[in-house]
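Reader: I am new to this structure. Could you take me through the terms and show how each one is decided?

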Amino acid sequence: MSWQNPSALERQRILRDTRTVAMVGASPNPARASNFVATYLLSSTDYEVWFVNPNATEILGRPVYPSLAACPGVPDLVDTFRRPQDLPGVLDEVLALDGVRTWWLQFGLWDEDLAAKAEAAGTTVVMDRCLKVEHARFAGGLHLAGFDTGVISSRRRD
């Protein structure tokens, strides 16, 4: 049987229990998905968010750290926006920190071998999912498929 993401209820628990998020590959470019997610996390969650990018110094008015080890603490969750070939190095950084609970890989990122390695070290893995979409969905702002339905109703779901 191939690797599977945590269930929706498990992902909801992960997001509920998370307090700090490090975004590896965060970009100061507002056209990048990571910048959009960063904007959402800063404006719509209570997470403490740290940006990691060795080529930037500031994103959305906040400092940027050159590596995970340079962050002001150990994040609960590492949200990853990197190319697939960069993922082994990111995982090495994640595992070098004692206490990262979740390694989250954004849309399009999937590597079952790396997931197995992370889980063997005690780190929960979520792959090919958007942290912003999942958070908004569980917070009631998005439809199951991940988009705003625009429907407001007082009817109870059966």
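Author: What follows is a set of questions and answers about how the terms apply here.

Author: This is a predicted model, in which local features need pLDDT of at least 70, side-chain atom pairs count only at pLDDT 80 or more, and totals for chains, interfaces and linings use all residues. Residues are numbered from 1 along each chain as its sequence is written, and side-chain values use heavy atoms, with hydrogens and water left out.

Reader: What is the pattern of the protein along the sequence?
Author: Helices (H or I, at least four residues) and strands (E, at least two) are DSSP runs, numbered from the N terminus. The protein has 5 helices and 7 strands, and along the sequence they follow the pattern α-β-α-β-β-β-β-α-β-α-β-α.

Reader: Why is the pair R101 and D76 called a salt bridge?
Author: A salt bridge needs a side-chain nitrogen of Lys or Arg within 4 Å of a carboxyl oxygen of Asp or Glu. The closest N and O atoms of R101 and D76 are 3.6 Å apart, so the pair meets the rule. By this rule the count comes to 9 salt bridges.

Reader: What does the pair of R101 and D76 tie together?
Author: R101 lies in the loop between α3 (87–96) and β6 (102–105), and D76 in the loop between β4 (62–65) and β5 (77–80), so the pair ties together parts that are 25 residues apart in sequence.

Reader: How do you know whether D76 is buried or exposed?
Author: Buried means under 20% relative accessible area, exposed means over 50%, and partly exposed lies in between (1.4 Å probe, protein chains only). D76 has 12% relative accessibility, so D76 counts as buried. R101 has a relative accessible area of 39%, so R101 is partly exposed.

Reader: What makes K117 and D92 a salt bridge?
Author: Their closest N and O atoms are 3.4 Å apart, so the distance is within the 4 Å of the rule. This pair links distant parts of the chain, with K117 in helix α4 (residues 112–120) and D92 in helix α3, 25 residues apart. K117 is partly exposed at a relative accessible area of 43%, and D92 is partly exposed at 43% relative accessibility.

Reader: Where do R137 and E134 lie?
Author: Both are in helix α5 (residues 131–138), 3 residues apart, about one turn of the helix. R137 forms a salt bridge with E134, with the closest N and O atoms 3.2 Å apart, and both residues are buried. A network of salt bridges links R11, R129, E134 and R137.

Reader: How many disulfides does the structure hold?
Author: A disulfide is a pair of cysteine sulfur atoms within 2.5 Å, and the structure holds 0 disulfides.

Reader: What share of the residues is buried?
Author: Buried residues make up 45% of the 158 residues in the protein.
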